[in-house]
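User: Please walk me through this one a topic at a time, and spell out your cut-offs as you go.

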Amino acid sequence: MTAENINKKPPLTIITSHVNADFDAMASMLAAQKLYPEALVVFPGSQEKNLRNFFIQSMVYLFNIAELGKIDLSAVTRLVLVDTRRKNRIGEVCRVLSNPRLEIHIYDHHPKNDDDIPADQEYHMLTGATVTILSDILREKKIPITPEEATIMCLGIYEDTGSFSFPSTTEHDFIAAAYLLSKGANLNVISSMITREFNPEQIGLLNDMIQASRHYTINGVELVLTSVTTDNYFPDFSFLVQKMAKMENIDAVFALGLMENKVYVVARSRTDDVDVGDILDQIGGGGHPSAAAATVKGKTIAQTEQLLFEALYAKINPRRQARHLMSSPAIMASEDTSCKEAKDLLTRYNINALLVDRSSSSAMGFTGYITRQVIEKALFHHLETIPIREYMSTEISHVHPDADVVEIQDKIIGNKQRILPVVEDGKVVGVITRTDLLNTLVQQNRPANQEFTELDDNSGNKRSRMVSNFMRERLPKHMIEILIQLGETASQMNCNAYVVGGFVRDLFLYRNNEDIDVVIEGNGIAFAKTFAQAFGARTHTHQKFGTAVIIFPDGFKIDVASARMEYYQFPASLPVVEMSSIKMDMFRRDFTINTLAIQLNPGKFGRLIDFFSGQKDIKDKILRVLHNLSFVEDPTRVFRALRFEQRFGFSIGKLTSSLIDNAVKMEFFERLAGKRVYTELKLILKEENPTPTILRLMDYNLLKVIHPGIKVENDLKHLLDTTKKVTDWHDLLFIDEPYERWTVFFMALIRHCDLQTTLEICEHLTIAPRHSKMFGENRICAEQQLARLEWHKRMSNAEVFNLLRAFKTEMILYMMVCADSEIAKKRISLYHTRLRHVAITISGKDLLEMGLASGPLFSQTLQAVLEAKLNGAVKTREDEFAFIKNRISRLKD
């Protein structure tokens, strides 16, 4: 039966939905058709766009579809609307609304609005999908459903609920899906439709969206806006917006796409502060609080953005401001106040942080802040009389009384700031503490009918997210298997296991690192023994520190430690260790970038825990200590700070830099054991390029820590740069030849030290005798031989060989570094690349067969042959025999 014939037979019922119909809209139209079998299904927009999917095209026979242009709209007596009730969302179908005696039936799950189309019959429920409502009706009426129909309806539920993960999902959606599954819905088909793979066009557009994203704070709420332009209509725009929000961890996003001659707006929100359905309703769209869309005709992207901003400012309610949260007046102390006096102030006013005022006039009235924790540590180390300016935090932000909670949260949590000054007209009018902020956030997020409960130790302090997929992308399969096994063993022992430290840091820096460090909230040694026994490995334990090393048969090692906290009995001492939690274990670490932990237990595998904003510092490429007495407790952290700064291309934070200056000024390094300094120095010299780090040691006047006798000469940088070039040259030519590269840099560092000073350095650093001899006697001897290479204008190859043959590779490279003249460099290079590999084929046995008696003459003869070969006088074995015969003949004469 043709559409033309149908048009002549009133009454006529049509079923339609919103433009750009999604799976829920199409599923709802199919379900409505079961309720109105005589009705025609009409798409309000382009039918080709709506039937773009191959699966839907293959199921089109299920729909009694009619083209809108072939229907006499004046003959329509009943309009069935599904998944919408808005006049501006049904396209050209809205013309039937003027028909006299039109009966309107509506099935919708969107929130109601004042300007909704009035209905004669309305079926409304706040479910995750409209087809959920229709499925319930079909079930109640016992209307039969085929497996194909059940699959399409179930697909609508899965898409509109985000596979039951969106906040709008209700129990009715689960019940409806279960019913459709009982009717033969094919989950394999649904899964293939929902978990769509990206094609190159989608990836390109998604990348454009991310690159074009802009961050705004409107009435105290952060949101992201992005806009793109494509020549043709892009049917998966909303799918990409959802992916972008998930990938970029965005709470609220508005995406504008100019396609053909229309601007399509898609919005997603996961925060109660942004009701995207209500916002897009202002520009002619609609949807849920968490997902909405709009189509704007006849306007550019810029004009649409302006409309959107007006709606955002109108519909996002302002939050509480700083003036409502602050305590006033602010308790302050002069920067000349001693640590003991500051402790008295904290106790007197029962506060945990003090604003520090400058002794002289200050534009802002403050220069920093100091916490009770820092003061108590300073007193523990007998620093009672030291002014608090030495240990106060100087990286301090402030806000205006009109600042909103988002800005306050960003500055307190983002900057790890314990107290936030509120400044107006250059004067401190109050302060906001972390406790003030926490109480405000808890009150905002607490349901109205829920009693306040005390938060646990971790709830407000850590940031966590799942990174298991990222781990699987970055790590080899065998390593993932080991980490899973570690987590399973921990769960069997009723404890938590975390991979921590440099392994996690380098994971996010995209650097290879197979040094696995595991922390156990429990007995780490017992865990290591249990794991080793189960997987055929052995262990080496250290009871004092609660640590162990798991050693696999192939030599691979895993370091295991019990979660512990440390305290230092005096500055620069070794730590005293006590059992603790993962948070306290992270707090004892040197820098924030090393405080990331990933849980390994089943069910929580891949959960990244970030107590101290390590991810932010990695992103910002900033190196920060965790507390202001970090270098007092362990000055060797300074060496690591400079090493990491250069290795990763980071910069040292302003406060951390000032704390390094303080540690040098207070001479805490003098208390360090030389062996600890030597360990850190070797790690620096083993870096790929240690030169920048050594120069940074010079910047902080730290070379004197190695020994006051080390002279900071003008040519030190040149020596170190030359050392890098020479060692790179060697490594390129002799890839498989092992040598101790770091020793060449060390000898360059002490280039201008005499033998006595060198021996003092070796003794202070407790350097092993083998290296002491290399750095002392051997180095001085090499410098003397280098002088001969420099002075003598004429030297045969044999003379060069005899001069250098006693030196190992490290010393040869050091001599090349120190060589001033080109002739000396060429002679050393000739020796290292060719002469040292020259060997003769003739042996003592050959000499005996030639009638030469054993004795001193043997070695003299063989040496003579070698020198002749070095100088080019002999080349082949025959030449060597001829040379010896001639030599014997001359000796007889």
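User: At what angle do H30 and H35 pack, and how far apart are their axes?
Analyst: Helix H30 (residues 716-733) and helix H35 (residues 809-818) pack at an angle of about 130 degrees, and their axes are 9 Å apart. H30 and H35 are therefore oblique to each other, since angles under 35 degrees count as roughly parallel, over 145 as roughly antiparallel, 65 to 115 as roughly perpendicular and the rest as oblique. Axes here are lines fitted to C-alpha atoms, for helices over the stretch in contact, with angles running from 0 to 180 degrees between N-to-C directions. Helices (H or I, at least four residues) and strands (E, at least two) are DSSP runs numbered from the N terminus.

User: Before we go on, what kind of model is this?
Analyst: This is a predicted model, in which local features need pLDDT of at least 70 and side-chain atom pairs count only at pLDDT 80 or more, while totals for chains, interfaces and linings use all residues. Residues are numbered from 1 along each chain as its sequence is written, and side-chain values use heavy atoms, with hydrogens and water left out.

User: Back to that helix pair: is the crossing of H30 and H35 left-handed or right-handed?
Analyst: The crossing of H30 and H35 is right-handed; a crossing is left-handed if the near helix is turned anticlockwise from the far one by less than a right angle, and right-handed if clockwise.

User: And which residues in H30 and H35 meet?
Analyst: From H30, Leu 719, Thr 722, Thr 723, Val 726, Trp 729 and His 730 meet Thr 809, Leu 813, Met 816 and Val 817 of H35, contact meaning heavy atoms within 4.5 Å. By class, the residues of this contact divide into six nonpolar, four polar and no charged, where Ala, Val, Leu, Ile, Met, Phe, Trp, Tyr, Cys and Pro count as nonpolar, Asp, Glu, Lys and Arg as charged, and the others, Gly among them, as polar.

User: Now the other helix pair, how do H2 and H6 pack?
Analyst: Helix H2 (residues 23-35) packs with helix H6 (residues 147-160) at an angle of about 140 degrees, and the axes of the two are 8 Å apart. H2 and H6 are therefore oblique to each other, and the crossing of H2 and H6 is left-handed. The contact of H2 with H6 has seven nonpolar, one polar and five charged residues.

User: Which residues in H2 and H6 meet, then?
Analyst: In H2 they are Phe 23, Asp 24, Ala 27, Leu 30, Ala 31 and Lys 34, which meet Glu 149, Ile 152, Met 153, Leu 155, Gly 156, Glu 159 and Asp 160 in H6.

User: Switching to sheets, in what order do the six strands of the open sheet run?
Analyst: The order is S6-S7-S8-S9-S11-S10, and the pairing is mixed; two strands pair if DSSP finds at least two bridges between them. The edge strands are strand S6 (214-218) and strand S10 (286-287), each of which pairs on one side only. Strand S7 (residues 221-230) and strand S8 (residues 252-259) run parallel and are joined by seven bridges, and Leu 225 has Phe 254 as its bridge partner in S8.

User: Last one, in what sense do S21 and S22 pair?
Analyst: Strand S21 (residues 547-551) and S22 pair in the antiparallel sense over five bridges, and Thr 547 stands opposite Ala 561 in S22. In their hairpin, which has five residues between the strands, Gly 555 takes a positive phi near 95 degrees. On the other hand, strand S19 (residues 516-521) and strand S22 (residues 557-562) run parallel, joined by five bridges.
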